[in-house]
Amino acid sequence: MTPRDFPATDPQAQPEEVPFYEGLLVGEFRVPWCSRCQTFVWRPKSHCTACYDAISDWRVLPGTGEIYSYCVVAKGDGAFASVAPYVLAWVALDEGPTVLANIADGPDLVQIGYRVRLSVPTCDDRAFRGPVFMLS
Ligand SMILES: [Zn+2]
């Protein structure tokens, strides 16, 4: 099965999000880590949302998890119209955070509870895109 690329979704990433998006370009799922609370901070922020300490540490997760919930987008908006229908899912990562992501596999193959792993984009334009997972 071939993973497919999705259009760029966040061309104006906030500075605190840049390490996350740069990680996706090389197949790494990077998440800010609060050393004080000993927990992940999701979505990427410049500070911990619980104790407000500045984020100074990032962890690279294996990028594996399972589909917690999903929907099929029948008609994508803008550039996403060219890839519809596609699956938009909440993926519960094995390490804790649950993240919104696209699924590279077609809607007829996806079910809640299926295992997924992070997909590495195949396009080389270096544009920031949201996370894409594929069935594993
Ligand atoms: Zn904290």
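Helices (H or I, at least four residues) and strands (E, at least two) are, in this talk, DSSP runs numbered from the N terminus.

Two remarks on the source before I continue. The model is predicted, so local features need pLDDT of at least 70 and side-chain atom pairs count only at pLDDT 80 or more, while totals for chains, interfaces and linings use all residues. Residues are numbered from 1 along each chain as its sequence is written.

I begin with the overall layout. The protein chain has one helix and eight strands, and from the N terminus the order is α-β-β-β-β-β-β-β-β. Along the principal axes, the C-alpha atoms fill a box of roughly 45 × 30 × 20 Å. For 136 residues, a compact globule would have a radius of gyration near 14 Å, and the protein chain, with 15 Å, agrees. That radius is taken over C-alpha atoms, and the globule rule is 2.2 Å times the number of residues to the power 0.38.

Next, burial. A residue is buried if 20 or more other C-beta atoms lie within 10 Å of its own, exposed if 12 or fewer, and partly exposed in between, with C-beta atoms placed from the backbone. Of the 136 residues, 22% count as buried. Is Asp108 buried or exposed? Asp108 counts as exposed, because it has 9 C-beta neighbours inside 10 Å. Asp108 and Arg36 are 72 residues apart in sequence, and their C-alpha atoms are 43 Å apart in space.

I turn to the core. A nonpolar core is a set of buried Ala, Val, Leu, Ile, Met, Phe, Trp, Tyr and Cys residues joined through C-beta atoms within 7 Å. The largest one here has 16 residues, and those with the most contacts inside it are Ala89, Val91, Ala101, Ile103, Val116, Val132 and Phe133. Two or more residues each come from strand S1 (29–34), strand S5 (86–93), strand S6 (98–103), strand S7 (115–118) and strand S8 (132–135). S5 gives the most to this core, with five residues. In soluble globular proteins, nonpolar side chains tend to be buried together.

Now the strand pairing; two strands pair if DSSP finds at least two bridges between them. Which strands form the open sheet, and in what order? Three strands form it in the order S2-S1-S3, with antiparallel pairing, and S2 and S3 are the edge strands, each pairing on one side only. S1 is joined to strand S3 (residues 57–61) by five bridges, and Pro32 stands opposite Trp58 in S3. Two bridges join S1 to strand S2 (residues 39–40), where Trp33 stands opposite Phe40. The hairpin of S1 and S2 has four residues between the strands, and in it Gln38 takes a positive phi near 55°.

Strand S8 has pairings of its own. S6 and S8 pair in the parallel sense over two bridges, and Ile103 stands opposite Phe133 in S8. S7 and S8, by contrast, pair in the antiparallel sense over three bridges, with Phe133 in S8 as the bridge partner of Leu118.

Finally, the helix. Helix H1 (residues 18–25) lies across S1 and S3, running at about 150° to S1. Axes here are lines fitted to C-alpha atoms, for helices over the stretch in contact, and angles run from 0 to 180 degrees between N-to-C directions. Contact requires C-beta atoms, placed from the backbone, to lie within 7 Å.

How values were computed
Contact = placed C-beta atoms within 7 Å.
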